[in-house]
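Work through the exercises below with the sequence and the 3D structure open. Try each task before reading its solution.

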Amino acid sequence: MSACRADRRTRFRPFRRRTTVPAVGAVLVALTLSACGSGGTSGGGGETQFVQGAGGVDIVKDSGSRKDAPELSGTTLQGEQLNATEKFKGKIIVFNVWGSWCAPCRAEAKNLVKAARDFKSKGVEFVGLNVRDPDKANSVAFEKSFEVPYPSIHDSGGKLILRFPKGNLNPQAIPSTVFIDRNGKIAGRALKPLTEDELTETLDHLVAEK
């Protein structure tokens, strides 16, 4: 728990290159080291042309420089098949990586739930990615406790994260959130628990885009 508390106080730092390791091992190491953290440095690169917004939300201001988001699909915690990329095509998607055991995830849950309800009528959909939770019962209890109104894909091993393009705004921390614009492009990312104001500011910007 001390590591989680320390990470919550850590601000996002500039990206650094890491030594390459096998793909699956790399993401598992990244998720392990960054668990409950906000200061992860994996991913990123000079080609993204992003700027750090208020509170450490990185936004790619130039929509023409944004990279394609991968297919967001899998089995939800309720056992249903979900292809969020197809189902929510043309909408803004907020993709949040979380674990039921993670204290910062619990801290931001109420903010995500409120934003999901406030922005749904504005064409914004939320999708969770539940990782490192081999027992789905804990994750389902988490959703019930916070009255989460949106689905979460269960991916205990974090394999879906590997679909994100290298050298981009990868969600390699727990919690982390990726913002995908209406055109299916990665518009921004946060490697930290988000406040209500940070979510509102970021989504207001994306909703206003033409």
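This is a predicted model: local features need pLDDT of at least 70, side-chain atom pairs count only at pLDDT 80 or more; totals for chains, interfaces and linings use all residues.

**Exercise 1. The cavity**

Task: Find out how many cavities of 30 Å³ or more the whole structure holds, and state which residues line the largest cavity.

Solution. Step 1: a search of the whole structure gives one cavity of 30 Å³ or more. Step 2: the space in the largest cavity is about 90 Å³. Step 3: its lining consists of Asn96, Trp98, Cys105, Glu108, Ala109, Leu112, Phe142, Glu143, Val148, Tyr150 and Ser152. Step 4: two or more lining residues come from each of β5 (92-98), α4 (103-119) and α5 (136-146). Helix α4 gives the most, with four residues. Step 5: sorted by class, the lining has seven nonpolar, two polar and two charged residues.

**Exercise 2. An aromatic pair in a helix**

Task: Classify the aromatic pair of Phe142 and Phe146 as stacked, tilted or edge-to-face.

Solution. Step 1: a pair of aromatic rings is described by the distance of the centres and the angle of the planes. Step 2: for Phe142 and Phe146 the centres are 4.9 Å apart and the angle between the planes is 45°. Step 3: planes under 30 degrees apart would be stacked and those over 60 edge-to-face, so the pair of Phe142 and Phe146 is tilted. Step 4: the two residues lie four residues apart in helix α5, about one turn of the helix. Phe142 counts as buried, at 5% relative accessibility. The model has four aromatic pairs by count.

**Exercise 3. Backbone exceptions**

Task: State where the residues Arg132 and Glu147 lie, and whether the peptide bond from Ile174 to Pro175 is cis or trans.

Solution. Step 1: most residues other than glycine have a negative phi, and most peptide bonds are trans. Step 2: Arg132 has a positive phi, near 55°, and lies in the loop between β6 (124-130) and α5. Arg132 is partly exposed, at 32% relative accessibility, and its charged end sits over the ring of Trp101, 4.8 Å from the ring centre. Step 3: Glu147 also has a positive phi near 55°. Glu147 is in the loop between α5 and β7 and is exposed, with a relative accessible area of 53%. Step 4: the bond from Ile174 to Pro175 is cis, with omega near 0°. Pro175 belongs to the loop between β7 (152-154) and β8 (176-180).

**Exercise 4. A pocket**

Task: Give the volume of the second largest pocket and the classes of its lining residues.

Solution. Step 1: the volume is about 180 Å³. Step 2: 14 residues line this pocket, and the closest to its centre are Thr85, Lys89, Ile93, Asn183 and Gly184. Step 3: six lining residues are nonpolar, four polar and four charged.

Methods. Residues are numbered from 1 along each chain as its sequence is written. Side-chain values use heavy atoms; hydrogens and water are left out. On a 1 Å grid over the protein atoms alone, a cavity is a set of points where a 1.4 Å probe fits but cannot get out, and a pocket is an open set with protein on both sides within 12 Å along at least five of seven lines; lining residues have an atom within 4 Å of a point. Grid points are joined across faces, edges and corners, and a volume is the space filled by probe spheres set on the points. Ala, Val, Leu, Ile, Met, Phe, Trp, Tyr, Cys and Pro count as nonpolar, Asp, Glu, Lys and Arg as charged, and the others, Gly among them, as polar. Rings of Phe, Tyr and Trp (its six-membered ring) pair if their centres lie within 6.5 Å; planes under 30 degrees apart count as stacked, over 60 as edge-to-face and the rest as tilted. Buried means under 20% relative accessible area, exposed over 50%, partly exposed in between (1.4 Å probe, protein chains only). A charge sits over a ring if NZ of Lys or CZ of Arg is within 6 Å of the ring centre and within 35 degrees of the ring normal.
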